[in-house]
Amino acid sequence: MIRKIDTQGFQLKPLGMYLVEAELINPDELDIALKTQELSGEQLGKILAMHGFVKQQTIEYFMSKVVLPERRKILKNQSYSDNAKSDRISVVESRSSIKPEDAIAALQSSHKLKVYLSANKTLKFLLGVVLCLAILSLLANYNVYYLPDFPGRDIFNILFDLNSEDNIPAIYSGGALLFCSILLEIIFQAQRLAKNKDVWAWRGLSIVFAGLFLDELIGLHERLTAPLRDTFNTSGFLYYAWVIAGAIFVLLFLLVFGRFVATLPGKTRRLFFIAGTIYVAGAIATELVGGYYEYYYTPHNMVYVFITTIEEVLEMLGIVIFIYALLSYINCNTKGIDIGIHIIDSRKQDQLT
């Protein structure tokens, strides 16, 4: 049985008022969130969390322990006063009367799959992955040059050689670059919602790392080597002639984003500088050494393998530190961003839209 409850007889206290009374936010923060809600149409709790006024976990805990029990009590009392004829009561309101805080309450009963990232734990995990990939690559190449009868030698080398394409290390490197792009886009969305300055620089960085991800997939920079080598007749340190285009890209990057990076918080700025320096040291500086060695000696020995391993490991370490910098920035400057997957019953979703 479905009954309509006269909402004029009582009024459910808005979520924002609960949070203000509990001193989790102040009236000014609530006012900012409500104005943002008028423009974006987002749920009030989500807006408060995105602004960093209160964590999403706090809102959910507060809803489950305080708001929902009190609202159930109000509804129960109201149902008794109206001589309810059923133990199962559904509250039906018009679409225009559904408040964002009520939508959050409805979502509390939906299934949720959430991903929580810790900057420190992510750093340790990725460093472990890089170390394992480096060791496996060295072992694979050692088998090629010193253990010709090793079972599965060629397959092992194909799978784990850091200097090869379309294998496990390449997939990891591409995935790490894509992860950077995603984190930068998340920061952009949070900063845009908070109406902070220089917000579009985060979007620009996200696009740059998406481009680096595509380059990792198709090896565009390596395709530039032959035409640039023929054009400029390069040799020695410039035997891998694509480093010319790479150096130009680095200079343009600094010109476009250097001023923005200088405005970031001190810790983030230092981490960005360290990550960029290590990455460029691997991608360009060590590549120069590798080109010199291949031009004057040979790429078919363990010395060259060590050079290319150092190159790839430096690139990976640079990206790992950059990921740590982004996660630390999110934690310290936006008070955390919750990434969740909400699987909502279609009937409930229709009520909330």
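Is Tyr297 buried or exposed? I looked this up before anything else. Tyr297 is exposed, at 56% relative accessibility. My cut-offs: buried is under 20% relative accessible area, exposed is over 50%, and partly exposed is in between (1.4 Å probe, protein chains only).

**Ground rules.** I am working on a predicted model, where local features need pLDDT of at least 70, side-chain atom pairs count only at pLDDT 80 or more, and totals for chains, interfaces and linings use all residues. Residues are numbered from 1 along each chain as its sequence is written, and side-chain values use heavy atoms, with hydrogens and water left out.

**Around Tyr297.** I placed Tyr297 in the loop between helix 13 (266-296) and helix 14 (302-333). Helices here are DSSP runs (H or I, at least four residues), numbered from the N terminus. Tyr297 also belongs to a nonpolar surface patch of about 700 Å². A patch takes residues with over 30% relative accessible area and no salt bridge; nonpolar side chains (Val, Leu, Ile, Met, Phe, Trp, Tyr) are joined within 5 Å, like charges within 9 Å. The areas come from the Shrake-Rupley method with a 1.4 Å probe, and for residues only the protein chains shown count as cover.

**Salt bridges.** I searched for a side-chain nitrogen of Lys or Arg within 4 Å of a carboxyl oxygen of Asp or Glu. The count came to three.

- Asp31 pairs with Lys35, N to O at 3.3 Å. Both sit in helix 2 (residues 27-40), four residues apart, about one turn of the helix. Asp31 is partly exposed at 36%.
- Arg153 pairs with Asp154, with the closest N and O atoms 3.2 Å apart. Asp154 is partly exposed at 47%.
- Glu185 pairs with Arg203, with the closest N and O atoms 2.8 Å apart. This pair links distant parts of the chain: Glu185 is in helix 8 (residues 168-193) and Arg203 in helix 9 (residues 199-218), 18 residues apart. Glu185 is partly exposed at 22%. Arg203 is partly exposed too, at 24%.

**Cysteines.** How many disulfides does a search of the whole structure find? I got zero. A disulfide is a covalent bond between the sulfur atoms of two cysteines. The test asks for a pair of cysteine sulfur atoms within 2.5 Å. Cys132 is partly exposed, with a relative accessible area of 46%. Cys180 is buried, at 0%.

Methods:
Helix = DSSP H or I, 4+ residues; strand = E, 2+ residues; numbered from the N terminus.
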